[in-house]
Each structure stands twice: as structure tokens, then as C-alpha cells.
Amino acid sequence: MHEIVIISGKGGTGKTTLTAAFCALAADAVFCDADVDAADLHLLLQPTIKEQHEFIGGSKAVIVAERCNQCGVCRGLCRFAAISAELVVDQILCEGCGVCVDLCPEKAIDFPEQLCGHWFHSNTRFGPLVHARLGIAEENSGRLVHLVRKEALQLAEEENKKLIITDGPPGIGCPVIAAIGGASLLLVVVEPTLSGRHDLERVLDLAAHFKVPARLLINKYDLNADMAQAIEAAASERDVLCVGRIPFDPVFTRAMVQGQTIFEYAGAEERQQELRTIWTRVLAALPKDSEQCLTLKMYT
Amino acid sequence: MKLCIASGKGGTGKTTIAVNLALALGERAELLDCDVEEPNAHIFLRPEITDTKEIDTQIPLVDLSLCTFCGQCAQICRFSAITVVAKKVLIFQDLCHSCGGCTLVCPTGALSEGKRQLGEVSTGHKNGLSFLSGRMRIGETMAPPLIRQVRAQADSRKITIIDAPPGTSCPVIAAMSGVDCIVLVTEPTPFGLHDLKLAVEAVRLLDIPCGLVINRADIGTDEVYRYAQQENLPVLLSIPFDRRIAELYSEGKPLVEALPGWRETFLQLYEDIDQLTQAHKEKVHA
């Protein structure tokens with residue numbers, strides 16, 4: 001079993017558009033949208049939801065007025081400035097640490113579990129999709145990312161699929177760390193800009209930190225061909241090879257507006273041909289060593 | 001005036017708007033790069049950095065000679081960051097949220113507080129414009145405490161312009177909460193609109209006035225304009241797709257410095273933001 005995770009460091013480089021294109025190309029794979037904060041893959045894959053599950057992300061403190069004697073101990077204990085002078089817990093600022101709950105002398109603080117989002121098992125025209133929706137302003141995105149990847153892996157094992165294609169989140173923080181751990185290969189989509197280069201270096205540092213192999217894909221390379229060259233050189237110094245370059249082409253947006261992947265859109269033959277070649281190179285880059293393959297064990 | 005530039009979707013042009021707005025306002029403003037996972041504002045601003053400080057958060061340290069292995073520390077920790085097995089105390093630093101609970105409940109004083117590096121905050125300036133930038137340590141998972149540290153250092157006498165991270169989860173809330181106005185930057189594509197709707201939900205939750213900047217305004221569809229009208233969100237600025245702008249961006253060159261007319265455009269944007277903020281304040285008072 002292999003899992004390819006598509007990430008970018010910087011947002012908006014074309015991760016999801018390209019992930020959807022690869023989903024259209026990959027026969028016999030399970031798809032996973034691990035960008036649970038601003039999930040977009042469903043806009044192109046248009047899933048039919050088969051199962052919906054609740055994601056319980058943790059608890060938050062609620063002071064019960066009838067039991068509270070206004071001593072204010074909780075407010076002094078809270079490191080997140082979540083308790084107001086009127087002794088009301090701000091549900092957005094509350095970190096869910098439970099310190100006030102345990103140490104309230106009157107046991108006046110409840111700690112109800114929070115519904116932080118939902119996750120789904122779905123069918124798409126290319127294959128099964130596991131995806132999620134984190135609630136607005138919620139925490140624990142890393143846990144939800146972990147959960148959808150685990151479910152995708154379980155599904156892949158059950159259905160005897162050999163590949164998982166995962167659309168990752170931007171950045172280098174908790175959801176990204178949860179999205180790349182144990183992956184077979186990272187495909188890093190970068191744009192040829194100074195910001196893109198800066199962010200790429202940080203995300204490659206992260207990949208090296210967690211020892212996950214990576215490949216580079218340069219999108220919109222012709223917006224600055226010299227920068228694309230420099231980025232490719234900088235990546236290859238870290239043994240991260242480039243699997244291809246895609247020019248800026250409004251056809252990607254036009255296909256997106258139609259809710260289509262580039263492989264379903266008429267008049268995009270050149271881009272389709274390039275992406276086929278790139279996909280062959282991505283598959284060739286997958287580690288052969290069975291030790292680098294995924295197993296459910298890594299989640300237990 | 002505290003102002004936050006945010007967006008649901010990444011790569012829509014937050015940093016472009018934040019940097020150009022800050023440069024147009026010059027010494028009246030302070031730019032805070034709170035996209036601490038991938039900070040980019042310095043690339044365009046090229047500021048003189050005068051100071052860089054390491055930012056830490058608290059984690060527990062155990063003195064085994066005082067520990068009775070009672071396990072109360074593990075019991076209070078909701079993040080599985082500390083466990084007691086037989087005659088061992090295991091501390092998983094990266095999972096610790098620095099709530100201090102374990103140290104508080106330890107009956108023998110075996111736990112004290114040490115630190116874990118979250119990242120660093122740099123201070124600088126460019127022609128009178130002040131600049132603060134947070135940069136998260138590679139491998140660190142928690143952005144919000146670092147974002148709060150960047151914001152804590154802001155100069156309250158200046159117009160604060162915050163460049164937020166993408167998304168709608170906790171790091172974005174840490175960057176947006178308590179500001180006077182939020183500018184959401186989007187692009188008129190299905191992805192842009194979908195993520196904009198999420199961002200608007202977050203802004204409404206915080207009850208902060210909000211306007212839109214539509215970038216690459218002529219790609220995609222006009223659905224975002226209909227949405228803006230429906231939701232009563234003012235479109236403060238539309239920037240058409242222009243290869244020249246994209247090339248300048250790729251080279252890290254700010255619009256207000258490279259192309260004529262943009263300084264005035266961004267000063268006007270600030271006036272419109274200010275007006276929106278005042279109107280909201282009056283509505284709240286009424």
C-alpha cells in the first residue's frame with residue numbers, strides 16, 4: 001500500500017486542482033481530502049456521501065451559575081485568558097485543558113464534549129473518497145486529519161486498493177504534520193515566486209524532519225522561468241527531484257468552473273499529456289522497499 | 001485601528017494586500033506577519049531587522065527524586081502529554097498545551113516548568129513603517145501561541161495591519177480576534193468562493209465588520225459578486241488578473257513601489273476600511 005500526499009507549504013499553488021487531475025488518472029485508488037480546514041477537493045470530485053460521522057474533538061469548560069460562588073479561582077488558573085471578569089468562559093478562547101474543571105473548589109464547572117466537525121465516506125466517479133469538514137474556528141484539525149487518513153487506509157485495505165491519493169493542507173503546522181507522517185511520498189506543488197521558494201524550503205525542512213521522501217512539481221512555471229529554474233536547483237540539492245513543470249493556463253480555472261478535472265475538459269490536450277507524463281514519474285518515484293509501505297499498525 | 005487581512009483559501013493575495021496597504025500608509029502603520037507557518041511579508045517589504053527573539057512556551061520538567069509516581073499529573077492532562085508508567089514519567093513535549101495543570105496538581109513539587117521553543121519574533125522597520133514577524137520552528141505544531149506573542153508586541157499607537165494565515169481554524173482565529181475590521185481576500189473561482197463562505201462564517205462568529213478584496217477579478221465567474229451582494233459584504237477593491245502583477249509578485253516587488261497609481265488605490269482602500277469600521281461602531285452604539 002502506498003500513499004501519495006500532495007502538499008505545498010504556501011497556499012493556492014494548485015494542490016487541489018492537480019490532486020483532482022491525478023484522481024482522474026489513477027485507476028483503483030482511494031482518495032483522501034486531508035485539508036479539513038478549507039476542503040475543496042469535493043468541488044471537483046462531487047462525491048455522493050454514503051456515510052456521515054461526527055467528529056468529537058475535545059471538551060470545553062462551562063461554568064454553571066447555580067453551583068458557582070464567584071470565588072474566581074478558575075480565572076486565576078486559566079492560562080488562555082478564556083474566563084471573563086463576570087466568570088463566563090469564552091468558548092473560542094477555551095483550550096479545553098480542563099484545569100479549571102478539576103480545580104474549581106465548588107465543582108461548578110462542566111466539561112461537555114464538543115462536536116468539532118464531520119467526516120464522510122463517499123463515492124465519486126473515480127473511486128471512493130474519505131473527507132471531512134472541521135467546524136468553523138475549531139481546534140484539533142490535526143486529529144481530524146489523522147482520522148481521515150486512517151479511515152482511507154482502512155478502506156484501501158478492505159477494498160484491496162494499492163494506492164491512496166491525499167490532498168494535504170497548506171502550511172507546516174499541526175494539520176500538515178498529521179498529514180505527512182508515514183506517507184510513502186510527498187508531492188510538493190510550488191509556484192515560481194520568491195514566496196513560493198521560501199515556503200518550499202520550510203516544507204522540505206519539515207519533510208526531512210519527519211523523514212518522508214518528496215518530489216517537486218512546479219506549477220505556472222512560465223510566470224517566472226528563471227525562478228522555476230532556481231527552485232528546481234535548490235530542491236535537487238536536497239535530493240528532491242522535479243517531476244515536471246506546468247505552464248500557467250486559464251484552462252484549469254475554466255475546468256474548475258465546470259466542476260471538472262482537466263482530464264474531462266475539452267481543449268486541454270496539451271496539459272493532459274503533460275500530466276500523464278508527470279503521473280508516470282510520480283508513480284516511478286514511489287519507494288519499492290516494502291518497509292516504506294503503509295500499514296494500519298502505524299495508527300495503533 | 002487594528003485590521004486583519006485574511007482569506008479562507010491560501011494564495012489569494014493576503015500578503016500582497018497587507019504589504020501594499022502598510023507601505024502606502026508608511027510610518028502611520030505597523031505590519032504584523034502572523035502567517036507564522038509560512039511568513040512571506042518580509043520578502044516584499046525587505047525591512048531592516050533590528051531584533052530577533054526566541055519565543056518559548058512552558059512544558060513540565062520532572063525531578064524524579066521528588067516524584068512518588070502518583071499519576072495525578074497524567075490524570076489532569078487532556079492532551080496525553082504526560083504519562084506515568086511504573087517508575088517512569090514520560091513527557092511528550094510536542095503534545096503539551098502549556099496549561100500548567102500538571103505542575104499545579106503535583107503534590108510533591110516534583111514538576112517544575114521548563115520551556116519548548118515555539119519559534120521567533122523579529123522586529124524591524126522600512127522607511128518608518130514598523131514591522132513584526134513571527135516564524136514557527138520547523139516541527140512545532142502549535143501556531144496560535146506564537147501568533148498571540150506577535151500581536152502582544154504591537155505598537156498600539158499605530159495602525160496595526162495583520163497578515164493572517166489561511167483557513168478558518170484556530171491559528172486564523174488567533175490572528176483575527178479582537179481586531180476592528182477584517183478584509184477577506186478572495187478570487188472569483190469555485191474554490192475561492194467556497195472558502196470565502198467559510199471565512200465569512202468565522203468573521204460573523206467573532207462579530208467583526210468585514211469587506212472583500214477580489215483578486216484576479218476577471219478569472220472564474222461573477223458568482224462571488226452575487227454572494228457579496230446577498231450577504232451585504234462591501235467589495236472594497238477588485239484587482240484584475242495582469243501578467244505584469246503576477247511577475248512582480250514572483251520577484252517579490254510590491255505594487256505600490258513598482259507601478260504608478262497603486263499607492264493612491266491602497267490609500268483609498270484604507271479610507272474605505274476606516275469608514276466601514278466607523279459605521280459598524282455607530283451601529284453598535286445605536
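**A helix crossing and its surroundings**

Modeller: In chain B, the axes of helix α1 (residues 14-25) and helix α11 (residues 262-285) come within 9 Å and cross at roughly 95 degrees. Axes are lines fitted to C-alpha atoms, for helices over the stretch in contact, with angles from 0 to 180 degrees between N-to-C directions. α1(B) and α11(B) are therefore roughly perpendicular to each other (65 to 115 degrees; under 35 is roughly parallel, over 145 roughly antiparallel, the rest oblique). The model is predicted: local features need pLDDT of at least 70 and side-chain atom pairs count only at pLDDT 80 or more, while totals for chains, interfaces and linings use all residues. Residues are numbered from 1 along each chain as its sequence is written, and chains are lettered from A and ligands numbered from 1 in the order in which they are written. Helices (H or I, at least four residues) and strands (E, at least two) are DSSP runs, numbered from the N terminus.

From α1(B), the residues that take part are N20(B), L21(B), A24(B) and L25(B); they meet W262(B), R263(B), F266(B), L267(B), L269(B) and Y270(B) of α11(B). Contact here is C-beta atoms, placed from the backbone, within 7 Å. The classes of the residues where α1(B) meets α11(B) are 8 nonpolar, 1 polar and 1 charged (Ala, Val, Leu, Ile, Met, Phe, Trp, Tyr, Cys and Pro are nonpolar, Asp, Glu, Lys and Arg charged, the others, Gly among them, polar).

In α9 of chain B (residues 243-250), I245(B), L248(B), Y249(B) and S250(B) are buried (20 or more other C-beta atoms, placed from the backbone, within 10 Å; exposed is 12 or fewer, partly exposed in between). The cover over these buried residues of α9(B) includes α1 and α10 (255-258) of chain B, and also α7 and α8 of chain A. After α9(B) comes G252(B), with a positive phi near 75 degrees.

Two residues of chain B other than glycine also have positive phi. One of them, A86(B), has a value of about 50 degrees and sits in the loop between β4 (82-85) and β5 (88-91) of chain B; A86(B) is exposed, with 5 other C-beta atoms within 10 Å. For S98(B), phi is near 60 degrees, and the residue lies in the loop between β5 and α4 (101-105) of chain B. S98(B) is buried, having 22 other C-beta atoms within 10 Å.

As a whole, chain B contains 11 helices and 11 strands. Its C-alpha trace spans about 70 × 40 × 40 Å along the principal axes, and 51% of its 286 residues count as buried. Among contacts in chain B with a separation of 6 or more, 74% join residues 24 or more positions apart. An automatic or database assignment sets the domain bounds: in chain B, domain 1 is 2-52 + 119-285 and domain 2 is 64-109. The C-alpha centres of these two domains of chain B are 40 Å apart. Chain A is divided into domain 1 (2-56 + 116-299) and domain 2 (61-111), with 41 Å between their C-alpha centres.

The contact between the chains takes 50 residues from chain A and 51 residues from chain B. On the chain A side, α4 (99-103), α5 (141-158), α6 (174-180), α7 (194-209) and α9 (251-257) each supply at least two residues. α7(A) gives the most, with 8 residues. The side of chain A that touches chain B has 21 nonpolar, 18 polar and 11 charged residues.

Chain A also holds an open sheet of 9 strands with mixed pairing, in the order β3-β6-β7-β2-β8-β1-β9-β10-β11; strands pair if DSSP finds at least two bridges between them. β3 (48-59) and β11 (242-246) of chain A stand at the edges with a single partner strand each, so one side of each has no neighbour in the sheet. Neighbouring strands are turned by 20 degrees against each other on average, direction ignored. β3(A) runs antiparallel to β6(A) (residues 113-123), joined by 10 bridges; I49(A) has S122(A) in β6(A) as its bridge partner. Helix α1 of chain A (residues 15-25) packs on this sheet, touching β1 (2-7), β2 (29-33), β8 (163-167), β9 (185-190) and β10 (214-219) of chain A, and its direction makes about 160 degrees with that of β8(A). Helix α8 of chain A (residues 225-237) packs on the sheet too, touching β9, β10 and β11 of chain A, at about 180 degrees to the direction of β10(A).

Methods:
Contact = placed C-beta atoms within 7 Å.
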